[in-house]
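This report describes selected structural features of one protein model. The sequence and the structure are shown first, and the description follows.

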Amino acid sequence: MEGQRPLSGRIWIQGSKNAALPILAACMLIPGKCVLRGCPDITDIECMCSLLKSTGASVAADFGMETGAGMVEVDTRSVREHRLPEKYVSAMRSSIIMMGAMLGRLGEVCVNYPGGCVIGERPIDLHLYGLEKLGAQIWIEGNHIHAYADELKGAVIEFPFSSVGATQNVILAAVTARGTTVIKNAAREPEVIELCKFLNAAGGRIDYSGTLLKAGRIVIQGVELSKLHGVVYDVISDRIVAGTYLFAALAAGGKVTLENIPIGQLDSICDTIRGMGAEMTIDTERNEMTINADDRDRIVNIPYIETNVYPDFPTDLQSPLLVAACMAKGKLAVREKIFSSRFRIVEELQRMGAEITVEGNTAIVTGGREMEGRTVIARELRGGAALVIAGLCASGITTVADSGYIRRGYQDIVGDFAQLGARISYVG
Ligand code: UD1
C-alpha cells in the first residue's frame, strides 16, 4: 500500500466472525438443517465448516453475491464421528467450543489442544471446569483431550472471571443437559447473547434477561435433544471489523460511512474516537455510522485507556487504537487487561518510526511522529489489520507479509480500503 492518502466513501460491514463461529458449532447440537445468513467469507469460517464436515455433517457454503451472500447450510443428521482432526483444531482456538456441542449431541468428543492467534497465554481450564461440573469425565492423553458423558446434568457453575469461550462452551453443553444450569460470572459479550438467541430460536430454553445478565448470570433449562429443530438465522454484523475501519479513518484521516453496523455495540469505541477529536454521527434508522477525521489539528490523544470485558473497550481493537494513537498529537497509555502478550505489533510499528514504549501490560504511545513505509510481518489477526492501517498512514510503500492471518477475520480488507480510495493491492 502507498500511504498518506485520506480515506473517503462508504463500506458495508461483514457478518461477525465471533458470533458465527459458536453458532456454527451450535448447529452440531441440532439434529436438523440450519441456515446461517450473513456469514463472513473468511478462513476461520472455512475451518469451522471443515470441522463440522469431519464429523459427518453436510455443509454447503455459498458466498457468491448472486445466490445469497454468506449463506451457510448445515445438516447434522448424519453426524457420527466424535474425533476432531488436529489439522483444523490446531488452526483455530474457537474449535474448543465444539466440545460442549459434541458432548450434548454425541456424549463424547476427542480433540487436541487448540491453536489460534498468538496473543499470550490462552489456557482452557475454565472450559474444562465448566464441562466437568455438568458431569463430563475428562482425561488428557498426550496432546489430546477426551471428554465423555453418559448424561449431562445441570449445575451451578461459577467462573472466577468472565470468559467468552468458556461461557459459550458451557451454554452449548447445558442446552440438552438434564435440569437447570446457572452460569455465574458469565461473559456478557454480544456474541454470547447471539448464541443464546440462536439456540432459543432452535428450541432451547436460555434465560439471559437484562437483570440476570447485569448480575453476570445466564440460566439454562435443559431440553431433550429431539426437541431442538433447524432454524434460519441472520448473523449480526462484526463490531470488531467496524471498529477497525473507524480507527483506520481516525488514523489516516478522511470521512468514512460504515453501513450495516451493529448499533449499540460500539459505544466504548465511539466514546474513545470522539475523545480523540473526530466527529461521529450515527443514523439508527439506516444502521449507518459516519466518522469525520478530516481536521487533523483536532486529532489528539486521550491520556489513558484500558481494554476490558464488554461493554468496555475491546482487546481486539487495542492494536488498531495503537496505530491511531501514533497519528494523533500527545501521549496515550494503553493498558491491556485481557491477554498477556498483545503488543506484538509494537516492534513493527517502531521500525516504521513510531514512538512506543511497553512497560508490563501498558504501552505508551507518543503520537505525531512521521511513519515510514517498510515490509512488516503480521503475526496475528488484529495486529495484522492494524499494520495495514499503519501502512495507510506511512509515507512510501508498506508491505504486510504473512497477511493470511488477516484473512482469518476480514473478508477483503484490501478491497474495502481500495473502495475508500486507498492505493492498496494484494501481491503474491
Ligand atoms: C474471545 C474472542 C476473542 C476476544 C476474546 C476477549 C472468539 C472466537 N474470540 O476469545 O476475539 O479477544 O474473546 O474478548 O470469540 N482464560 C483462562 N482460562 C480459560 C479461558 C480463558 O484463563 O479457560 C483467560 C484468557 O487467557 C484471557 C481471558 O480469560 O486472559 C479472556 O479470554 P476469553 O474471554 O476466554 O477469550 P476467548 O473466548 O478465547
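## Conventions and basis

Helices (H or I, at least four residues) and strands (E, at least two) are DSSP runs, numbered from the N terminus. This is a predicted model, in which local features need pLDDT of at least 70 and side-chain atom pairs count only at pLDDT 80 or more, while totals for chains, interfaces and linings use all residues. Residues are numbered from 1 along each chain as its sequence is written, and side-chain values use heavy atoms, with hydrogens and water left out.

## Helix 4

Helix 4 spans residues 98–106 and is followed by glycine 107, whose phi is positive, near 75 degrees. Eight of the nine residues in helix 4 are buried; the term means under 20% relative accessible area, with exposed over 50% and partly exposed in between (1.4 Å probe, protein chains only). The buried residues are Met98, Met99, Gly100, Ala101, Met102, Leu103, Gly104 and Arg105.

These residues pack against helix 1 (17–27), helix 2 (43–54), helix 5 (125–133) and helix 6 (164–174), as well as strand 5 (108–112) and strand 7 (144–148). Contact here means heavy atoms within 4.5 Å.

Four strands form an open sheet of mixed pairing, in the order 1-13-15-14. Two strands pair if DSSP finds at least two bridges between them. Strand 1 (7–12) and strand 14 (279–283) stand at the edges with a single partner strand each, so one side of each has no neighbour in the sheet. From one strand to the next, the twist averages 10 degrees; axes are lines fitted to C-alpha atoms, for helices over the stretch in contact, and angles run from 0 to 180 degrees between N-to-C directions.

Strand 1 and strand 13 (residues 254–259) run parallel and are joined by six bridges. Leucine 7 stands opposite glycine 254 in strand 13. Helix 10 (residues 267–275) packs on the sheet, where it touches strand 14 and strand 15 (288–292), and its direction makes about 145 degrees with that of strand 14.

## Ligand surroundings

The ligand is surrounded by 19 residues, and the closest are Asp125, Leu126, Ser163, Asp316 and Ile338; a residue is near a molecule if one of its heavy atoms lies within 4 Å of it. A ligand oxygen atom is 2.6 Å from an N or O atom in the side chain of serine 163. For the side chain of arginine 93, the corresponding distance from a ligand oxygen atom to an N or O atom is 2.9 Å. A polar backbone atom of valine 164 is 2.8 Å from an oxygen atom of the ligand.

Aspartate 316 also joins its side chain to that of arginine 342 through a polar contact of 2.8 Å. Such a contact is a pair of N or O atoms within 3.5 Å; within protein, one must be able to donate a hydrogen and the other to accept it, and residues adjacent in sequence count only if both atoms are side-chain atoms. Arginine 342 lies in the loop between strand 17 (331–335) and helix 12 (346–351). Its relative accessible area is 4%, so arginine 342 is buried.

## Isoleucine 406

Isoleucine 406 lies in helix 14 (residues 404–407). At 3% relative accessibility, isoleucine 406 counts as buried. Not counting residues up to four places away in sequence, isoleucine 406 touches Leu381, Gly384, Ala385, Val388, Val400 and Ile413.
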